[in-house]
Amino acid sequence: MRSLLLFVCLILSQWLFAQDYYLFVGTYTSGKSKGIYVYRFNSQTGEAQWVSNTDSSNNPAFLAVSPNGKFLYAINEARSPQSGRVSAYAFDAASGSLRLINQQPSGGFGPCFVTIDKTGKWVLTGNYMSGSLAALPVNKDGSLAPYTQMIQQEGSSVNKSRQEGPHVHSTFITPDQHYVLTPNLGTDKVMIYAFHKKDQQPLKPAAQPFVRSIPGSGPRHLDFHPNRKYVYLIEEMSGTVSVFAYHKGRLKKRQTIATHAADFKGQPGSADIHVSPDGKFLYASNRGEENNIAIFSIDPVSGLLTAKGYQALSGKWPRNFTIDPEGNFLLVANQQTNNIVIYKRNKETGMLEAMPQQLEVPSPVCLKLLRIEPHQ
């Protein structure tokens, strides 16, 4: 009887404290995908259920969710000149459905990244092909106004086939919301801008206008440590992570470490990077010949990395991944095999264990989570 009572209490506690999230999936639509997919994800069990999807959207490859959860923004990736767009959607949390509000030019072509500040008043886009970024004001109804600032970056680097010009790969707002960091794969630089939210043109060159990456490395994405003292930069072409000390818009490099094992001889293809919510581990995705997740421990004092292992994936081309805020699960979007794989995280070791359920989604490339409030 006592064991039965304990079992019931365990089930009730899991039910009471379970936290559900909406999982938004951005995709490429050249195949069977219809656009953005919405799932309901349980951060205690790792289970996910389809809720809705848009019926037509052109390559909504990267997403950003507004701070209040009422709106979602998606770049519409197109590689012809002046064709880049960013779309605004209203999100109904009760039904889990998206409704297109409007679209605006992204400030260049080949857009690949979008983000929104914590006030919900500015959307920033990064345009890979044209090497530009833009700032778009957000109206009160969540719609986007035309961009009020477009910055064209300049330069090139040593790999003339891929670094013939600037390629802005992402636009990250710092946790204090005072700066914007933009990794540029084409110039091997991370450009730094002061972010003045009240100005019509909010981006100004920072006191330290950029930090250099190793020539030919190809900076792509980055993530901050929860303590805000360290920045981790994934470099696509060299398959490396560079560690920077961070303070008030200034970066100082401390370490560069490979995302692959020492005996790997192939061409690196690193993609995404995330620090666990507790700040103890860092994960980086590798595409190409590796198709794995590199796992690093983080020194709590110095922020430096130590390689712990490599998780082989049930899929190919892990473009993007995310970790739920509780740190229980890591979800990986495999673009070429049309699936999302869910891994249980060991919070003590950082290692990953594949869950039975996989989600079949055409060409998934971006994953975002939104907390579902109890009344929804």
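Visitor: How many cavities of 30 Å³ or more does the structure hold?
Guide: This is a predicted model, in which local features need pLDDT of at least 70 and side-chain atom pairs pLDDT 80 or more, while totals for chains, interfaces and linings use all residues. Residues are numbered from 1 along each chain as its sequence is written, and side-chain values use heavy atoms, without hydrogens or water. A cavity is a set of points, on a 1 Å grid over the protein atoms alone, where a 1.4 Å probe fits but cannot get out. At 30 Å³ or more, the count is one.

Visitor: How much space lies in the largest cavity?
Guide: Grid points are joined across faces, edges and corners, and a volume is the space filled by probe spheres set on the points. For the largest cavity, that space is about 90 Å³.

Visitor: Which elements give two or more residues to the lining of the largest cavity?
Guide: Lining residues have an atom within 4 Å of a point. Here they are Ala61, Phe62, Cys112, His169, Arg220, His221, Arg319, Asn320 and Val365. Strands are DSSP runs (E, at least two residues), numbered from the N terminus. Two or more lining residues come from each of β4 (60–65), β16 (219–224) and β24 (318–323).

Visitor: How many charged residues does the lining of the largest cavity have?
Guide: Asp, Glu, Lys and Arg count as charged; Ala, Val, Leu, Ile, Met, Phe, Trp, Tyr, Cys and Pro as nonpolar; the others, Gly among them, as polar. The lining has four nonpolar and three polar residues, and its charged residues number two.

Visitor: How many residues apart in sequence are the parts that Asp20 and Arg40 tie together?
Guide: Their side chains meet in a salt bridge at 2.9 Å, N to O. A salt bridge is a side-chain nitrogen of Lys or Arg within 4 Å of a carboxyl oxygen of Asp or Glu. Asp20 lies in β1 (residues 20–27) and Arg40 in β2 (residues 37–42), so the separation is 20 residues.

Visitor: Is Asp20 buried or exposed?
Guide: Buried means under 20% relative accessible area, exposed over 50%, partly exposed in between (1.4 Å probe, protein chains only). Arg40 has 28% and is partly exposed. Asp20 has 18%, so its class is buried.

Visitor: Which residues are linked with Glu236 in a network of salt bridges?
Guide: Glu236 pairs with Arg287, the closest N and O atoms being 3.2 Å apart. Glu236 sits in the loop between β17 (230–235) and β18 (240–247), and Arg287 in the loop between β21 (281–286) and β22 (292–298), 51 residues apart. Both Glu236 and Arg287 are buried. The network links Glu236 with Arg162, Arg220 and Arg287.

How values were computed:
Helices (H or I, at least four residues) and strands (E, at least two) are DSSP runs, numbered from the N terminus. On a 1 Å grid over the protein atoms alone, a cavity is a set of points where a 1.4 Å probe fits but cannot get out, and a pocket is an open set with protein on both sides within 12 Å along at least five of seven lines; lining residues have an atom within 4 Å of a point.
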